[in-house]
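Here's a quick tour of one protein model, with an eye on its charged side chains. Have a look at the structure first, then read on.

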Amino acid sequence: MKNMLKWLLLLMLLPALESKSQHIGKKFPKEDILSRQQVENLAVFAEWWGFLKYFHPAVVKGHINWDSVAVDNIPGVLKAERKKDLDKILTRLYNSLPPAEPERHMKQPSGDSIFSIFSLKDIEAMALPARMKSGFGELWQYHSPDTNRKATVKYKQHTLDYPLFIDTLYNDGAADASVRLLGLFRYWNIIRYFYPHKEIAATDWIGVLKNQIPSFYKVQGRLEYGKTVRRLSASLHDSHSFVNDRYFDSHYWGPNPPFTIAWLAGKYVISEVPSDSVAKEYNFRTGDIITSINGSPVQDREAELSGIMGGSNDAALHRMISGYLLNVDSTDKVNIQLERDGEVITTTIKRYPYAVISGWGKKNSELWKYVADSILYVRAFGIRKKDTLPELLGAMNASKGVVMDLRGYPDFNTIMVLQDALLTDCRPYSFQTNWLANYPGFFRTSRMEYRPFETLELPAYKGKLIVLVDANTGSLPESVAASLSQRPATLVLGSQTAGATGNMTWVYLPGNLSIGFTAVGERSAGDRFVQRKGVKIDLPVGQLISDLRKGEDTQILAAVRQLQ
């Protein structure tokens, strides 16, 4: 009866807890720099809060506004001068929760295909009172797989293969330190319990938390907050670690240069020029090496961007940096220094909105063409309409061999139908890792057999095929390349891919922004794709700057030679 009265009293107080969650302007210590003890306190609180969010029945079922608990108690945690002061706070909050009766008849998932990224060792490592750790151990071991109000695989009538996270948005809360720290704790714990690649891409995750706490606490202004969130995202080392932040994008990035930049042989090189007239006007050419930006070495800009850009591997990170290298400020001009055949050239170029540049005609706009001796080159990532595929398959079957370019992101429906026509004699498979719904920390790996995407009356292509890949091959094209590589008479040629495929999901943070990450693990048969490493390359060929200067593509040339 006593416990029942306590539970009813808590339910009566819920409206007050909800209203507090939207308050900002909490009282904090005046110092802008946190002490080591304060950082340790907040890190312990983040672990404590995150565990109970996903394992305590009252919190899991949404009976308590758990975000409010974090926001309202962070100031007190900061004021705790000693560990025993923090222990008192956590014990008081823990004891205020409705008693949790472990479901001792329930068993944790087990089997050869099941693994966990969280264990009793992680609980034992928490800096919590011994009695509380014992209670946490029981909650974890005898967790009830009931409806989780914070993570689900259900969307309307659909069951997804990745989790969706349901959290308060706090659109106007980024100005408050307690709300910003709540966002950090939210993301950090989601990665801890729901990231299938945690063991390879989120190493020393506790260290990341402690490193990020001071940054989230002392942020000054919305733009700095956006940059701080990007640093957090970059710490995951995942090429799906995108940040959606309209405020940051509109206030930080400048217009675009009138050319594409690639990272080749450790240098930033102009790789594609869509307008000859603009190139002539501002004196730049394909193959020029960028050595200086507005009077500073290009390495300074690289260092600035590397901290706020994510990537599963070095090639993917530098691809991201290349894409934003010259978006330096809001003006429409930028001064750059170029190296061309030993000559140093300084020029001021005009920059343009993306809509302007995307409207310029491209030299390589043909979707497919014969390049040599009846060898067909197919720019697969450029094909956007399925009704072009019958003509393409006819050309492929009339050729002696096909070079398929996946160095870009294709249209999903079109590439999947085209893939069907190439895999008629092959049924590739991969191993997929999915979160076990309502069991945070647990995943199941299943063998996934290839299934035709859509039945169209397309002629099959069974001839020789070379697939081109590089750092621009990320996510969907990596999956396609890995599947095609299991096909007979097929080779993958090129350089390291982006190293991230499988469905992704999003974490929503205060300030109306979100961070993505890879939510479904993928590993292709024969390790034809491995997270972070990317697609297995049969014929490693890097792009040569000397070929670019001659208007040639090193990888296409190598593919043609191989087919000949």
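Let's start with a network: Lys53, Asp67, Asp167 and Arg186 are linked by salt bridges, a salt bridge being a side-chain nitrogen of Lys or Arg within 4 Å of a carboxyl oxygen of Asp or Glu. Side chains of opposite charge can pair when their charged atoms come close.

Before going further, a word on the ground rules. This is a predicted model, where local features need pLDDT of at least 70 and side-chain atom pairs count only at pLDDT 80 or more, while totals for chains, interfaces and linings use all residues. Residues are numbered from 1 along each chain as its sequence is written, and side-chain values use heavy atoms, with hydrogens and water left out.

Searching the whole structure turns up 23 salt bridges.

| Pair | N to O distance |
|---|---|
| Arg82 and Asp85 | 3.3 Å |
| Lys400 and Asp373 | 3.2 Å |
| Arg528 and Asp538 | 3.0 Å |

Take the Lys400 and Asp373 salt bridge. Lys400 sits in the loop between α17 (389-397) and β13 (401-405), and Asp373 in the loop between β11 (368-372) and β12 (375-378), so the pair ties together parts that are 27 residues apart in sequence. Those helices (H or I, at least four residues) and strands (E, at least two) are DSSP runs numbered from the N terminus. Lys400 is exposed at 54% relative accessible area, and Asp373 is partly exposed at 46%. For these labels, buried means under 20% relative accessible area, exposed over 50% and partly exposed in between, using a 1.4 Å probe and protein chains only.

Now for Arg528, which forms a salt bridge with Asp538. Both are loop residues: Arg528 falls between β20 (521-524) and β21 (529-530), Asp538 between β22 (534-535) and β23 (539-540), so this pair ties together parts that are 10 residues apart in sequence. Is Arg528 buried or exposed? Arg528 is buried, with a relative accessible area of 12%, whereas Asp538 is partly exposed at 27%. As for Arg82, that residue is partly exposed at 46%.

Zooming out, the protein has 21 helices and 23 strands, and 54% of its 564 residues count as buried. Its C-alpha atoms fill a box of roughly 85 × 55 × 35 Å along the principal axes. With contact meaning heavy atoms within 4.5 Å, residues 24 or more positions apart account for 72% of the contacts with a separation of 6 or more.
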